Amino acid sequence: MELYIHWNPSLTTIFGLRWYGLCWLLGLLGSYLIAKRLYRQQKLGDEKFEPLFFYCFFGIIIGARLGHCLFYQPDYYLTSVKGFVEMLLPIHFTADGDWKYTGYEGLASHGGTLGLIIALWLYVKRTKVGIWTVLDNVAIATPIAAFFIRIGNLMNSEIIGKVTDVPWAFVFERVDMMPRHPGQLYEAIAYAALLFIGFALYKRYPQRVGTGFYFGLCLTYIFTARFFIEFTKEIQEAFEASLPLDMGQLLSIPFVIIGIVCMMRYKKQS
């Protein structure tokens, strides 16, 4: 046990912020700066870029929250008034009838992706920027946000992996004293790699922006990686034990198919 990585960091940073919230902010800031650079390089105009951040922010937050509640815990959030209120507001009702602020405890990446796509569709209707141009640019900028969010999960010791004896196993002391796969770290590394892959391809093939190629690549890569990394994770809800694949894997399959279709669309155009 002494050879494994014992993990029990403080939940707060030196600034008094929670690591998870800070990672979300860093991820969104990184995506914002990358997308802004892409818009300027493509001469799309700052006036069309500025609304993009707000659409993305609210689309991701709302989609991720609803995704977690509806995909993973519908029996809790949809069967009582208190549960429904907790789904919409960052609070939790206590046993004595009072309530406390908790933040949103539960966000699903699949729901966040769906919420982002819907938000971008609304953004396109307002700004008249081509939908495939927007999707491709956001796809190039998205991996940095995904990277930081998974680092936030690691700092929170959540979405833990299965028990293992690999030499790089983490002992999440806030959970138990068993060596486990650091599934959050696996995903973070995969998303960091996608960030560099996307930039390298964009530098070589900037003309592919607007074809759906980068959007398709992003979906295919992220959710294929997610599908296989899920084999190293513990299930998040008890009902997943009776499924042939866990919920994360089942929800990844449609996104992989959409990604492949988008990449085939680009090939057909070429």
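**Walking through the model**

Me: Where is L78 found?
Reply: L78 sits in the loop between α3 (74-77) and α4. Those labels count from the N terminus, and they come from DSSP runs (helices are H or I with at least four residues, strands are E with at least two). One thing to keep in mind: this is a predicted model, where local features need pLDDT of at least 70 and side-chain atom pairs need 80 or more, while totals for chains, interfaces and linings use all residues. Residues are numbered from 1 along each chain as its sequence is written, and side-chain values use heavy atoms, without hydrogens or water.

Me: Is L78 buried, exposed or partly exposed?
Reply: L78 counts as partly exposed because its relative accessibility is 48%. The cut-offs are under 20% relative accessible area for buried and over 50% for exposed, with partly exposed in between (1.4 Å probe, protein chains only).

Me: Which residues form the nonpolar patch on the surface?
Reply: L78 is one of them, together with F54, F58, I62, L66, L70, F84, L88 and L89. Together they have about 840 Å² of accessible area, worked out by the Shrake-Rupley method. To join such a patch, a nonpolar side chain (Val, Leu, Ile, Met, Phe, Trp, Tyr) must have over 30% relative accessible area, no salt bridge, and a partner within 5 Å (for like charges it's within 9 Å).

Me: Which elements give two or more residues to it?
Reply: Those are α2 (46-72) and α4 (81-88). Helix α2 gives the most, with five residues.

Me: OK, new topic. How many salt bridges does the count come to?
Reply: Eight salt bridges. The rule asks for a side-chain nitrogen of Lys or Arg within 4 Å of a carboxyl oxygen of Asp or Glu.

Me: Which residue does R150 meet in a salt bridge?
Reply: Its partner is E187, at 3.0 Å from N to O. The pair links distant parts of the chain, since R150 is in helix α6 and E187 is in helix α7 (residues 183-204), 37 residues apart.

Me: And is R150 buried or exposed?
Reply: R150 counts as buried, because its relative accessibility is 7%.

Me: Which residue does E230 form a salt bridge with?
Reply: With K233, and the closest N and O atoms are 3.0 Å apart. E230 is buried at 5% relative accessibility, and K233 is buried at 2%. Salt bridges with shared partners join R150, E187, R226, E230 and K233 into one network.

Me: What about D46, is it buried or partly exposed?
Reply: D46 is partly exposed, with a relative accessible area of 34%. It forms a salt bridge with R40, where the closest N and O atoms are 3.3 Å apart.

Me: Back to the helices. At what angle do α6 and α7 pack?
Reply: About 165°, with their axes 8 Å apart. The axes are lines fitted to C-alpha atoms over the stretch in contact, and angles run from 0 to 180 degrees between N-to-C directions. So α6 and α7 are roughly antiparallel to each other. The labels go like this: under 35 degrees is roughly parallel, over 145 roughly antiparallel, 65 to 115 roughly perpendicular, and the rest oblique.

Me: And how do α6 and α8 pack?
Reply: Helix α6 (residues 131-155) and helix α8 (residues 213-229) pack at about 30°, with axes 7 Å apart. That makes α6 and α8 roughly parallel. Helix α8 also packs with helix α9 (residues 247-269), at about 150° with axes 7 Å apart, so α8 is roughly antiparallel to α9.

Me: Last one. Which phi does K43 have?
Reply: A positive one, about 55°, although K43 is not a glycine. Most residues other than glycine have a negative phi. K43 is in the loop between α1 and α2, and it is exposed at 73% relative accessibility. K128 has a positive phi as well, about 70°. You'll find K128 in the loop between α5 (109-127) and α6, where it counts as exposed at 67%.

Technical notes
Areas by Shrake-Rupley, 256 points an atom, 1.4 Å probe, with all protein chains shown as cover.
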